[in-house]
Amino acid sequence: MVRWAVFWLILFVVLAGFEFATVALTSIWFACGALLAFLLALANVPLPFQWTAFIALSLVLLFFTRPIAVKHFNTKRTATNIDAMVGRLAKVTKDINNIDETGSALLGGQPWTARSLHDDEVIKAGTEVTVMKIEGAKLIVKPVEGTTSAK
C-alpha cells in the first residue's frame, strides 16, 4: 500500500504544480482527487476504492465547482481590442444598406465599414448607432433608440 501512497502523492504534486503554472482551473480538481486517494492509501483502503474516490471526487469537483470558480476567478478581466468596441456608440458617415452592401461609420475617430444588424433596415448618415458585434473589419450596428433609420 505504501507504493500506491507514493504514486498518489507524486500525482498530487504534479497536478498541483501544473495548475499553479497554468492557472487553468482544470487540473486542481484532479489534484484534490489524488490527495483524497493518497489519504485513503495511507489508511490501507483497498486500491479499487482509492481509484473510485479519485475519479468520483475529481469529476464532482470539475463539473459542479469549476463553473463557479471560473465565474469568480475572472471577475477583473478587462475587454481589450475588438471586445472593447462592442457596445460603444458610433456615428454613421455613409448610409448603411445591407442589400446594396454600403455603409460606413466613425468609431473612436476611425472610419469603419458598417452593416445593419437587420438586413431590411437602412440607417441614414448622421444616425448614432450602437456596435453590436464585429465581423472581420465590419461593424454590425443598430440605431440608438430615438434616432432616425428607415425600414
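## A nonpolar patch, a helix and paired strands

Phe7, Trp51, Ile55, Leu59, Val60, Phe63 and Phe64 form a nonpolar patch on the surface, and together they have about 680 Å² of accessible area. Patches are made of residues with over 30% relative accessible area and no salt bridge, with nonpolar side chains (Val, Leu, Ile, Met, Phe, Trp, Tyr) joined within 5 Å and like charges within 9 Å; accessible areas come from the Shrake-Rupley method with a 1.4 Å probe, and for residues only the protein chains shown count as cover. The largest share of this patch, six residues, comes from helix H3 (residues 47–73). Val60 is found in helix H3, and Val60 is partly exposed, with a relative accessible area of 43%.

The model is predicted, so that local features need pLDDT of at least 70 and side-chain atom pairs count only at pLDDT 80 or more, while totals for chains, interfaces and linings use all residues. Residues are numbered from 1 along each chain as its sequence is written, and side-chain values use heavy atoms, with hydrogens and water left out.

The protein has four helices and six strands, and read along the sequence they follow the pattern α-α-α-α-β-β-β-β-β-β. Helices (H or I, at least four residues) and strands (E, at least two) are DSSP runs, numbered from the N terminus. Of the 151 residues in the protein, 29% are buried, where buried means under 20% relative accessible area, exposed means over 50%, and partly exposed lies in between (1.4 Å probe, protein chains only).

Helix H1 (residues 2–22) has 21 residues and reaches 30 Å from its first C-alpha to its last, close to the 30 Å expected at 1.5 Å a residue; the expected span is 1.5 Å times one less than the number of residues in the helix. In H1, Ala5, Trp8, Leu15, Ala16 and Glu19 are buried. These residues cover an arc of only 100° around the axis, which puts them on the same side of H1, the arc being that of the directions from the helix axis to the C-beta atoms. On the other side of H1, the exposed residues are Val2, Arg3, Ile10, Val13, Val14 and Ala21. Val23 follows H1 and has a positive phi, near 50°.

Strand E1 (residues 89–97) pairs with several strands, two strands being counted as paired if DSSP finds at least two bridges between them.

| Partner of E1 | Sense | Bridges | Residue pair |
|---|---|---|---|
| E4 (residues 122–123) | antiparallel | two | Asn97 and Val122 |
| E5 (residues 128–135) | antiparallel | three | Leu89 and Thr130 |

E1 and E2 form a hairpin with four residues between them, and Glu101 in the turn has a positive phi of about 55°.

The structure holds two salt bridges, each defined as a side-chain nitrogen of Lys or Arg within 4 Å of a carboxyl oxygen of Asp or Glu. In one of them Lys124 is joined to Asp95, the closest N and O atoms being 3.9 Å apart. Lys124 lies in the loop between E4 and E5 and Asp95 in strand E1, so the pair ties together parts that are 29 residues apart in sequence. Lys124 is partly exposed at a relative accessible area of 37%, and Asp95 also counts as partly exposed, at 32%. Lys133 forms a salt bridge with Glu135, with the closest N and O atoms 3.3 Å apart; Lys133 is partly exposed at 38% relative accessible area, and Glu135 is partly exposed at 42%.
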